[in-house]
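This briefing walks through one protein chain, topic by topic. Keep the structure in view while reading.

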Amino acid sequence: MKRLALALKQKKVASWKLEEVKELTELIKNSNTILIGSLEGFPADKLHEIRKKLRGKAIIKVTKNTLFKIAAKNAGINTEKLEQYLTGPNVFIFTKDNPFLTNMFFENYKLRRYAMPGDKAEEEVIIPAGDTGMPAGPILSVFGKLKVQTKVQDGKVHVVKDTVVAKSGDVIPTEALPILQKLGIMPVYVKLKIKVAYHEGLVIPAENLKLNLEGYRSNIAEAYRNAFTLAVEIAYPVPDVLKFTISKVFKNAIALASEIGYLTPESAQAVISKAVAKAYALATAISGKVDLGVQLPAAQQTQTQQSTAEEKKEEKKEEEKKGPSEEEIGSGLASLFG
């Protein structure tokens with residue numbers, strides 16, 4: 001009796017479900033990565049375009065969550081951490097590729113669909129100039145509401161010039177929806193939303209799958225610059241580094257030689273230039289007090305004149321602070337007492 005009851009119970013399970021679980025089990029066993037994506041709000045007819053793009057790289061299956069769960073258990077996967085993602089309509093992607101690269105494909109791959117009431121434009125929605133193929137009639141009033149200039153030619157409605165009916169971020173006018181459909185214009189972008197990835201025993205939520213490539217590129221570039229700077233500083237013995245290290249050491253040696261007046265064929269120009277600069281500086285400083293018999297360059301003369309003028313101003317201020325001199329006080333008293 002128990003065997004009969006078990007047999008009857010087994011007969012109640014549809015054969016297609018058994019085949020589905022068997023196929024899913026094999027797919028799970030033969031895949032390094034499984035991604036679960038939400039089909040909520042995603043046009044089912046767009047999946048074939050994704051299948052075309054991923055042909056040879058991934059297998060896409062739309063199946064019941066319960067069947068996937070059974071298959072996952074059959075394949076030896078602990079489904080407890082996946083339970084929260086096995087809700088609503090889902091699509092399952094099986095691949096041997098890296099989960100981050102696969103998710104990047106879905107992040108960047110956008111599909112177009114026809115607009116529905118309430119949709120917002122992600123870019124300008126334009127009704128192009130030309131023959132619409134629509135017969136003249138009540139549709140003319142719809143074009144009028146949308147402020148689209150038209151003319152009737154051979155019984156058909158022609159749009160006079162390209163007309164924007166919605167700007168980026170605007171809600172697409174409901175009146176425009178049937179016109180956009182008839183013209184084959186799909187102004188709304190959709191992409192498959194990945195919920196989670198399962199990779200070799202790891203459960204990776206969608207927010208952890210996103211790669212900031214620009215940030216990584218910037219960090220790597222900065223790390224390279226810092227490492228190279230350090231390598232040059234410590235004279236790390238690598239040809240690409242040493243040529244910069246030698247150049248830096250040479251510049252430092254010339255700077256030191258010019259400072260201490262050490263003459264060599266290589267440092268002569270720097271030493272003499274430094275000495276001339278110091279001589280001019282000294283000449284400028286004492287030019288107003290001692291006649292050196294040296295003609296300073298125009299730039300140095302200007303600087304000297306400015307310095308002298310400033311010194312005179314300072315002297316005048318000091319005199320004003322000190323008040324009248326003793327001689328001035330003496331002559332003043334003499335005039336009073338005659």
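The model is predicted. Its chain has 338 residues, of which 29% are buried, and its secondary structure consists of 12 helices and 12 strands.

**Whole chain**

- The accessible surface of the chain is about 23,200 Å², and carbon and sulfur atoms account for 56% of that area.
- Of the contacts between residues at least 6 apart in sequence, 69% join residues at least 24 apart.

**Confidence**

- The chain has a mean pLDDT of 82, with 81% of its residues at 70 or more.
- Where pLDDT is low, the predicted coordinates should not be read in detail.

- An open, antiparallel sheet is formed by 5 strands in the order 2-3-1-11-12.
- Strand 2 (58-62) and strand 12 (202-205) stand at its edges; each has a single partner strand, so one side of each has no neighbour in the sheet.
- On average, neighbouring strands of this sheet are turned by 20° against each other, direction ignored.
- Strand 1 (residues 33-38) and strand 3 run antiparallel and are joined by 6 bridges.
- Opposite S38 stands N90, a residue of strand 3.
- Helix 2 (residues 15-29) packs on this sheet and touches strand 1, strand 2 and strand 3. The direction of helix 2 makes about 150° with that of strand 2.

- Strand 7 pairs with strand 8 (residues 156-159) in the antiparallel sense over 4 bridges.
- K151 has H158, in strand 8, as its bridge partner.
- In general, strands of a sheet pair through backbone hydrogen bonds.

**Aromatic rings**

- The whole structure contains 5 aromatic pairs.
- One of them joins F105 and F106, with ring centres 5.1 Å apart. The planes of these two rings stand at 80°, so the pair is edge-to-face.
- F105 also pairs with Y109, and this pair is stacked, with 5.1 Å centre to centre and 20° between the planes.
- F105, F106 and Y109 together form one aromatic cluster.
- F106 is buried, with a relative accessible area of 3%.

**Two residues with positive phi**

- Most residues other than glycine have a negative phi.
- D154 is not a glycine, yet its phi is positive, near 55°. D154 is placed in the loop between strand 7 and strand 8.
- With a relative accessible area of 76%, D154 is exposed.
- A235, also not a glycine, has a positive phi of about 55°. The loop that holds A235 lies between helix 8 (213-233) and helix 9 (239-260).
- A235 is partly exposed, with a relative accessible area of 35%.

Note on methods
Residues are numbered from 1 along each chain as its sequence is written. This is a predicted model: local features need pLDDT of at least 70, side-chain atom pairs count only at pLDDT 80 or more; totals for chains, interfaces and linings use all residues. Side-chain values use heavy atoms; hydrogens and water are left out. Buried means under 20% relative accessible area, exposed over 50%, partly exposed in between (1.4 Å probe, protein chains only). Contact means heavy atoms within 4.5 Å. Accessible areas come from the Shrake-Rupley method with a 1.4 Å probe; for residues, only the protein chains shown count as cover. pLDDT is the predictor's confidence in each residue, from 0 to 100. Two strands pair if DSSP finds at least two bridges between them. Axes are lines fitted to C-alpha atoms, for helices over the stretch in contact, and angles run from 0 to 180 degrees between N-to-C directions. Rings of Phe, Tyr and Trp (its six-membered ring) pair if their centres lie within 6.5 Å; planes under 30 degrees apart count as stacked, over 60 as edge-to-face and the rest as tilted.
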